[in-house]
Amino acid sequence: MRKIRIFEHISLDGIIEHDGDYAYGAWTTAYRSPAGAEMLFQAYGTDFDLLLGRITYDIFSSFWPNAGDFPMANAINAAIKYVATHRPDSLNWGPVKGLEEDVVAAIHALKSTTGPDLIVVGSSTLTSLLLEQGLVDEVALITYPVLLGQGKRLLSDRTYAQELAFLNSKVTPTGIFINSYKYIGPLKR
């Protein structure tokens, strides 16, 4: 059975938006370092596939194929990308497979197969759905030392309370914390 592992780049106040037309643009850039990139790559593991929402897939497909020849780019480009989309015929960056119309059933079926871990990055709508359905095994929050105040948050307002258990923590030379948690389930009252 495959594990589903969520990796989210996040501000201290829960904002995950950091590209495109967002007011603060690439707020994560100042904190990137070669040592931090290596730590993140180690957290991903050397063999993984990607489970992505369509918007994140489109963002990634415009960047990663042209990112250059280095371990993270090579691993991301080689990974099978499983994409939640209503337009599977327009998926061009591969290897890629569109998930069937019933995304939850498709992810249940995919999770039950043998293969590498499924890494979720960005994809906030998909992340919320995975947590709501109890399909997540681990959550890694890559937390930057900034408060942004407004922007797209990690989870939707309809996501119910969840319990996680701390696994480990690493800190990059620029102050980014990579905190990993095991998913336990709904939070008990």
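## Aromatic rings

Rings of Phe, Tyr and Trp (its six-membered ring) pair if their centres lie within 6.5 Å; planes under 30 degrees apart count as stacked, over 60 as edge-to-face and the rest as tilted. One aromatic cluster here is formed by Phe60, Phe63, Trp64 and Phe70. This is a predicted model, where local features need pLDDT of at least 70, side-chain atom pairs count only at pLDDT 80 or more, and totals for chains, interfaces and linings use all residues. Residues are numbered from 1 along each chain as its sequence is written, and side-chain values use heavy atoms, leaving out hydrogens and water.

Searching the whole structure gives nine aromatic pairs. Among them, tyrosine 31 and tyrosine 144 are edge-to-face, because their ring centres are 6.0 Å apart and their planes meet at 70°.

## Buried or partly exposed

Buried means under 20% relative accessible area, exposed over 50%, and partly exposed in between (1.4 Å probe, protein chains only). Tyrosine 144 is buried at 4% relative accessibility, while tyrosine 31 is partly exposed at 23%. Tryptophan 64 is buried at 14%, and phenylalanine 70 is partly exposed at 33%.

## A look at arginine 2

Now to the start of the chain. With a relative accessible area of 6%, arginine 2 is buried. Its side chain makes polar contacts with the side chains of aspartate 49 (3.1 Å) and threonine 113 (3.2 Å). A polar contact is a pair of N or O atoms within 3.5 Å; within protein, one must be able to donate a hydrogen and the other to accept it, and residues adjacent in sequence count only if both atoms are side-chain atoms.
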